Amino acid sequence: MKALNRNVKVLVIGAGAMGSGIAHVAARAGHTVYLYDGRPEAVQSGCAGIDKDLRYLVAKGRLPEAEAQAIRARVLPVAALAEARDAGLAIEAIVEDLDVKQSLFRDLEALLGEDAILASNTSSLSITAMAAGLARPGRFAGLHFFNPAPRMALVEVVSGLATERAIADTLHATARAWGKIPVHAKSTPGFIVNRVARPYYAEALRVLAEKAAEPQTLDAILREGCGFAMGPFELMDLIGHDVNFAVTRSVFEAYFNDRRFAPSLIQQELVFAGRLGRKSGRGFYDYAEGAVRPPARSEPVRNAEAKIAVVGDIGAAAPLIARLEAGGVEVRREAGKGGRGWMKIGAACVALSDGRTATRRAVEEECPNLVLLDLCLDFAATGRITVARADQCGLGAFRAVIGTLQKAGVNVSVIDDVAGLLSLRVVAMLANEAADAVLYGVASATDVDTAMCHGTNYPKGGPLAWADQLGAAFIAEVISNLAAHYGEERYRVSPFLQRKAFKGELVHD
């Protein structure tokens with residue numbers, strides 16, 4: 001399917017940050033763009049924002065001055081929708097109110113030609129419901145840009161029940177022609193990104209609620225140890241807790257109170273207190289002038305064992321062995337007796353977490369001095385490793401493990417013995433939610449991973465690609481162990497992931 005010709009005029013309704021950003025993108029792609037808002041001052045502000053962005057690009061040498069002037073000239077402020085009756089594509093970016101949007105699209109359908117395509121930039125409302133009152137619902141779809149639209153690559157092309165495939169394909173091709181990375185999605189609550197991303201916040205908030213560590217340490221674990229661009233608490237502060245909490249509640253309610261999407265009482269309290277994050281000056285962190293963010297907790301240097309043993313295959317943590325050897329630790333390798341391997345460090349056994357608490361595993365595996373490692377993006381390069389000890393583990397044995405791991409040239413963070421620690425449970429639950437999105441036809445596995453990489457900057461090629469590296473069976477085991485620990489439906493394994501685990505297949509097969 002071909003993209004819309006550049007001769008097709010684009011109408012953007014709503015001149016706020018999103019609407020003006022979309023107008024910028026369409027104008028830069030060569031379209032004449034009508035920019036409308038019910039508040040004339042908003043149109044002026046939106047055009048000023050476009051001017052500012054273009055001046056920045058010129059100053060950085062990324063855009064010639066003449067081209068910037070041409071782009072700006074293609075953005076035409078209009079005082080009434082009737083002035084844009086020859087537009088072939090209308091994109092709405094107004095308040096998230098279904099009734100208001102439905103009324104607008106009925107007006108647009110009556111105003112524009114029968115061949116015009118109508119699209120909503122909604123991030124949370126049903127495309128099917130929005131199109132229900134239209135005479136030509138097949139020509140309506142979601143075109144969900146991410147903020148800021150000129151810089152964020154991802155666009156979710158969302159089809160409602162009535163959306164014609166040709167229309168979705170045209171919008172997909174058009175978004176690509178505009179320099180974006182488009183993905184197809186079905187109209188379901190949260191589409192791809194706002195659905196699949198929920199566990200990143202939810203699991204971190206759960207670990208915080210269990211007092212495993214402070215926000216700054218948990219943020220550092222996921223950022224430095226697991227490769228996420230921002231930790232969940234600093235990200236929620238950036239988004240705004242009112243916004244993030246509202247999205248969580250919206251998805252939760254839209255899925256008929258499915259406990260997987262349950263909001264957090266911690267975040268609710270922040271909203272009640274007006275601690276909305278950066279925009280209010282305080283959230284999990286203090287943003288007042290002169291405030292200093294507390295550092296992540298790293299263990300002081302401890303004494304190390306000169307010799308350790310590695311028994312069997314320690315899985316994703318295997319690259320750590322070469323780093324220990326480079327740090328002067330003598331490593332003896334022993335054959336395992338089946339199952340997952342472990343390291344013998346002094347009096348302690350050290351293993352990668354599998355979703356159980358260290359305390360439970362210490363009993364089940366008859367190893368009281370048990371220490372668990374959290375998942376890392378890459379144990380060969382990570383700058384931070386996270387550990388937790390069983391309640392039965394002696395402090396001396398634990399400190400020897402910490403000192404030895406420090407020989408690998410890493411900071412070591414200690415958190416309390418919560419099931420699945422932090423990174424492992426977050427990654428497993430992201431993969432599980434992504435698998436359900438595939439199962440229910442929200443998007444393909446490839447589009448899910450593409451969306452999470454380009455919409456949220458997730459590492460490892462996306463949660464499903466990461467699941468393929470770790471193995472679907474391992475991810476399913478982790479979630480099953482979380483379910484056994486908590487006794488909650490929240491930790492149920494996606495049937496899609498189960499099938500892949502049983503068959504030993506890759507998720508992307």
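In the predicted model, Y200, A204, V207 and L208 of helix α8 meet P215, L218 and L222 of helix α9, contact being heavy atoms within 4.5 Å. By class, this contact has 7 nonpolar, no polar and no charged residues. Here Ala, Val, Leu, Ile, Met, Phe, Trp, Tyr, Cys and Pro count as nonpolar, Asp, Glu, Lys and Arg as charged, and the others, Gly among them, as polar. Residues are numbered from 1 along each chain as its sequence is written. Local features of this predicted model need pLDDT of at least 70, side-chain atom pairs count only at pLDDT 80 or more, and totals for chains, interfaces and linings use all residues, while side-chain values use heavy atoms, without hydrogens and water.

Helix α8 spans residues 198-209 and helix α9 residues 215-225. Helices are DSSP runs (H or I, at least four residues), numbered from the N terminus. The axes of α8 and α9 come within 11 Å and cross at roughly 135 degrees. That angle makes α8 oblique to α9. Axes are lines fitted to C-alpha atoms over the stretch in contact, and angles run from 0 to 180 degrees between N-to-C directions. Angles under 35 degrees count as roughly parallel, over 145 as roughly antiparallel, 65 to 115 as roughly perpendicular and the rest as oblique. The crossing of α8 and α9 is right-handed.

Helix α19 (residues 472-486) packs with helix α20 (residues 495-503) at about 130 degrees, the axes lying 8 Å apart. The pair α19 and α20 is therefore oblique. Their crossing is left-handed. A crossing is left-handed if the near helix is turned anticlockwise from the far one by less than a right angle, and right-handed if clockwise. A472, A473, I475, A476 and I479 of α19 meet L497, K500 and A501 of α20. This contact has 7 nonpolar, no polar and 1 charged residues.

Salt bridges were searched across the whole structure, and 36 were found. Each is a side-chain nitrogen of Lys or Arg within 4 Å of a carboxyl oxygen of Asp or Glu. R206 pairs with E210, with the closest N and O atoms 3.9 Å apart. R206 is buried at 18% relative accessible area, whereas E210 is partly exposed at 26%. Buried means under 20%, exposed over 50%, and partly exposed in between (1.4 Å probe, protein chains only). D37 and R39 form a salt bridge at 3.8 Å, N to O. D37 is buried at 13%, and R39 is partly exposed at 47%.

R260 bridges to D258 at 3.3 Å between the closest N and O atoms. Both residues, R260 and D258, are buried.

Conventions. Helices (H or I, at least four residues) and strands (E, at least two) are DSSP runs, numbered from the N terminus.
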